[in-house]
Amino acid sequence: MTIEVKNLVKQFGSFKALDGVDLKVDSGELLALLGPSGSGKTTLLRIVAGLDWPDAGEVLINGEDALAQGARERHVGFVFQHYALFRHMSVFENVAFGLRVQPRAVRKDEATIRRRVKELLDLVQLDWLADRYPSQLSGGQRQRIALARALAIEPRILLLDEPFGALDAKVRKELRRWLRSLHHEINVTSIFVTHDQEEALEVANRVVVMDKGRIEQIGSPDDVYETPATAFVHGFIGESIELPVRVEGGVVRLGDRPLNLAADGLVSGASRLFVRRHDMLVGPPGSGAFEGAVRHVRNFGPVQRAEVALSGGETIEIDAPRGRELRAGDTIGLEPRRYRIFTG
Amino acid sequence: MPGFGLTMGLTLTWLSVIILIPLAGLFLKSLELSPEQFWNILSSRRTLNALRVSFGLAFAAACVNLVMGSIIVWALVRYRFPGRRIFDAIVDVPFALPTAVAGVALTALFAEKGWLGAPLAALGIKVAFTPVGIFVAMIFIGIPFVVRTVQPVLQDLDPEIEEAAGSLGASRWQTIIRVILPSLAPALLTGLALAFARAVGEYGSVIFIAGNLPNVSEIAPLLIVIRLSEFRYADATAIAVVMLVVSFVIIFAVNRLQRWAQNRIPAR
Amino acid sequence: MTMQIADSVSLSSPEARARAHAAAARNNLRSEPRAVRIAIIALAMIFLTVFVVLPLALVFAEAFSKGILPYLSALAEPEALAAIKLTLLVAAISVSLNLVFGLVAAWAIAKFEFPGKTFLITLIDLPFSVSPVISGLVFVLLFGAQGYFGGWLRDHDIQILFAVPGIALATTFVTFPFVARALIPLMQEQGTQEEEAAISLGASGLQTFFRVTLPNIKWGVLYGVLLCNARAMGEFGAVSVVSGHIRGETNTMPLLVEILYDEYQFVAAFAIASLLAMLALITLIAKTILERQLDEGQDVNDH
């Protein structure tokens, strides 16, 4: 099943939740919508599910106009952030719900429903919880039951809203791996929303980075990390050093100091320079594009994190490999191994 | 924290003086009756009929309140319409209006020449001074109970469970029957029980409109008053004990209901 | 395949598609069709109008049916004035008794943990579920001529039944839970930290109560007093059993309404009733305002 979204616009009062979003999801993908809160990612997911309607634009599921259908007809599996389990029903009845409310003509008989629910509970490895009630489950168990319930209707696509958002860090890591292998097993086109970059990069095969109702970048996890398309993506994903610079006549300046950095093809004007912390190479004073004094050093396992006051006045944090120990008070030269400059 | 001994002591003393000792006196008095006397009082035709009128009509009225209360709650919580806030406030009037005032007002309203009594009389329906009048007064008195117990629960109901049901293919009707109503069930039953308990014991708003015909439209509380005025204290006590025991059973049931409802709340 | 999809999309005009989208969007998951919505609102409004608005309106319509002068002269009758005075007196007695009790009980219950707490709250709630007539009856059984203390009272020439003390006792019984019930949840929510801080700073128990606790619960106290007062002034069944209906002496306003109504003095009956209805309306308005205050107080605590 493919999902295609064309020029979606959605406004809540004066707040633009979606501001012209285009997206194509291929069959069998596991796609992450990544962005800060208010970036429009959940709104996009809810519109695809039929829980919200856009002000303008199109949604095609497998080439069909999905906006002409309500959520009931779309056969979309949706896993809610807080799971939305029916608390008066046992785990078994929760999972069976979608099968029991089918129109009489297509509803399966009780034995088939029982078998199907059993299969799903096996799939999420919680068959032993069938008779419990949601209030008796842990967060991670609820999450998996919510997933089994969504899968019961044999959804054409699967949508997950912050699937690990309400869980503690350890369970979250376990479930990430589990979700990826589950997706591999069932191979349903899936989209999940997250504000956690690590989650998106680890689980998804493609990542869509959103901000302020717009898509900033679509690419593989490697793409968005290694070659961020915009300043926002560079700042949002990975830990970056950000410096305000000016580009004038092919020269990059920090304050009034020219930096020895190539500026081919850059538009003149105020710009921002991004460097990953670990891409800042330390050398003797005078080497490299920057110079600064080490203020403070802490060791983090294989790296030492140093706070460096640049001679221009800005303070940055760099991650240098252990070996050549830095000390507070050292004057060092810094050369960015890789960097990106974005206009504006 | 200081003051536990003092405040607890005062609380228990005052509770005993005002509530427990008087109520114990009632039970003690009933013990002066032999089981046979007790049974004879209760099984007399007039007592039985009074109890039947009180309990039967109270239950019927509570059921009406359950249905209409649910509709009112749904309208107040889910819809926006002009006058909503005023109607919301009005729900509490039966709580706040002295029962005697409600009694005379309902009687005048449903009397044969009243605003509603006249058109109903034209249809051949007589309300005032019949059991129907009792029923009407009991409905009036019970309105706030169902509304005020169910309203907060519906307000706090997670909107996501309705969306979940819909996205799993449930029709709106299926969502209401299978998801929303079961979620409200403890509150609905609590409201029903409270409205019933109130209507069973209700006196002021009922006696004006009831007609008070023995065996037909005489409620149990009125019979207690009549027996008292005849100095037949034993009779009054016996009827009162039966009503009290039923009240206690209802309180107990409501407490259990609340505990049941709390246990189903997921610990997020 | 691609062609087919392109066809099926382009075949329907943009307007038709927009209509289909709008129809699907209207079929909201959390709402009902328009007709059902209107029917539910209409049912709710009609029901409340018939059972609540009309009786209330009728009280005032009847009271003023002969004009303003008969209304006023009905209220100026000595019997009416005596009833108003007695009602205020009884309400003052029972509200202040229950206010003190409510504060004390709420302190004991909300600030400490002890076994049987739920049971104690249930006992405090008892009067809510006892028929008003029974609430009066228990005092007749205690203090009546044949009651447990009847003989002793007669020997010492103390009048409780058919006099102010009996009416005040019965009223205190039926209004017993109001203040305590308004305060217990409020004080439980506020916890004991502020009090413990005050005591660790050297405040005495009473200082802590008046300087720390009371300012925090003042709206709750007012709320409880308001509801307690409304019920105290309006109580009919319990008072009716213990009052003896001595004209000009032991008739409270609700009892006078009954007597006047039974004597077919409708204007006078509804004039008194209109005062009580006014009390109810003012109580409701004040209650709405107080509830808003209490909600805001809670919001502050949440942050």
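This passage walks through a predicted model, starting with its confidence scores and moving on to chain contacts, helix packing and sheets.

Confidence comes first. As a whole, the predicted model scores ipTM 0.92 and pTM 0.88. For chain C, the mean pLDDT is 88, and 94% of the residues in that chain reach 70 or more. One stretch of chain C needs some care, though: over residues 1-11 the pLDDT is below 50, and beyond near neighbours in sequence this stretch has two contacts in the model. Where pLDDT is low, the predicted coordinates should not be read in detail.

Next come the places where chain B touches its partners. On the chain C side, 72 residues of chain B are in contact with 72 residues of chain C. Helix H1 of chain B, which covers residues 4-31, gives the largest share of chain B's side of this contact, with 14 residues. Sorted by class, that side of chain B has 56 nonpolar, 11 polar and five charged residues. Chain B also meets chain A, and here 21 residues of chain B are in contact with 21 residues of chain A. H9 and H10 of chain B each supply at least two residues to the side that touches chain A. The largest share comes from H9(B), with six residues. By class, the side of chain B facing chain A splits into nine nonpolar, seven polar and five charged residues.

H9(B) and H10(B) also pack against each other. Helix H9 of chain B spans residues 159-167 and helix H10 of chain B spans residues 172-201; they pack at an angle of about 135°, with axes 10 Å apart. The two helices, H9(B) and H10(B), are therefore oblique to each other, and their crossing is right-handed. Who touches whom? From H9(B), Ile161(B), Glu162(B), Ala165(B) and Gly166(B) meet Thr175(B), Val179(B) and Ile180(B) in H10(B). In terms of class, this contact of H9(B) with H10(B) has four nonpolar, two polar and one charged residues.

Another helix pair in chain B is made by H3 (residues 45-78) and H8 (residues 131-156), which pack at an angle of about 40° with their axes 6 Å apart. That angle makes H3(B) oblique to H8(B). The crossing of H3(B) and H8(B) is right-handed. The residues of this contact divide into 23 nonpolar, six polar and no charged.

Chain A brings in the sheets. One of them is an open sheet of six strands with mixed pairing, in the order S6-S7-S8-S3-S9-S10. Strands S6 (76-79) and S10 (214-219) of chain A stand at the edges with a single partner strand each, so one side of each has no neighbour in the sheet. From one strand to the next, the twist averages 15°. Helix H5 of chain A (residues 139-151) packs on this sheet, touching S6 and strand S7 (157-161) of chain A, and its direction makes about 170° with that of S6(A). Within the sheet, strand S3 (residues 30-34) and strand S8 (residues 189-194) of chain A run parallel and are joined by five bridges. Ala32(A) has Phe192(A) in S8(A) as its bridge partner.

Chain A also holds an open sheet of five strands, this time with antiparallel pairing, in the order S13-S12-S11-S14-S20. Here strands S13 (257-259) and S20 (340-343) of chain A are at the edges, each with a single partner strand, so one side of each is left without a neighbour in the sheet. Ignoring direction, neighbouring strands of this sheet are turned by 40° against each other on average.

The pairings can be followed across this sheet. Strand S12 (residues 251-254) of chain A pairs with S13(A) in the antiparallel sense over three bridges, and Arg253(A) stands opposite Pro258(A) in S13(A). Strand S11 (residues 240-248) and strand S14 (residues 269-276) of chain A run antiparallel and are joined by eight bridges. In that pairing, Ser240(A) stands opposite Arg276(A) in S14(A). S14(A) is also joined to S20(A), again antiparallel, by four bridges, with Phe274(A) opposite Arg340(A) in S20(A).

How values were computed. Residues are numbered from 1 along each chain as its sequence is written. Chains are lettered from A and ligands numbered from 1 in the order in which they are written. This is a predicted model: local features need pLDDT of at least 70, side-chain atom pairs count only at pLDDT 80 or more; totals for chains, interfaces and linings use all residues. Axes are lines fitted to C-alpha atoms, for helices over the stretch in contact, and angles run from 0 to 180 degrees between N-to-C directions. Angles under 35 degrees count as roughly parallel, over 145 as roughly antiparallel, 65 to 115 as roughly perpendicular and the rest as oblique. A crossing is left-handed if the near helix is turned anticlockwise from the far one by less than a right angle, and right-handed if clockwise. Two residues are in contact if their C-beta atoms, placed from the backbone, lie within 7 Å. Ala, Val, Leu, Ile, Met, Phe, Trp, Tyr, Cys and Pro count as nonpolar, Asp, Glu, Lys and Arg as charged, and the others, Gly among them, as polar. pLDDT is the predictor's confidence in each residue, from 0 to 100. Two strands pair if DSSP finds at least two bridges between them.
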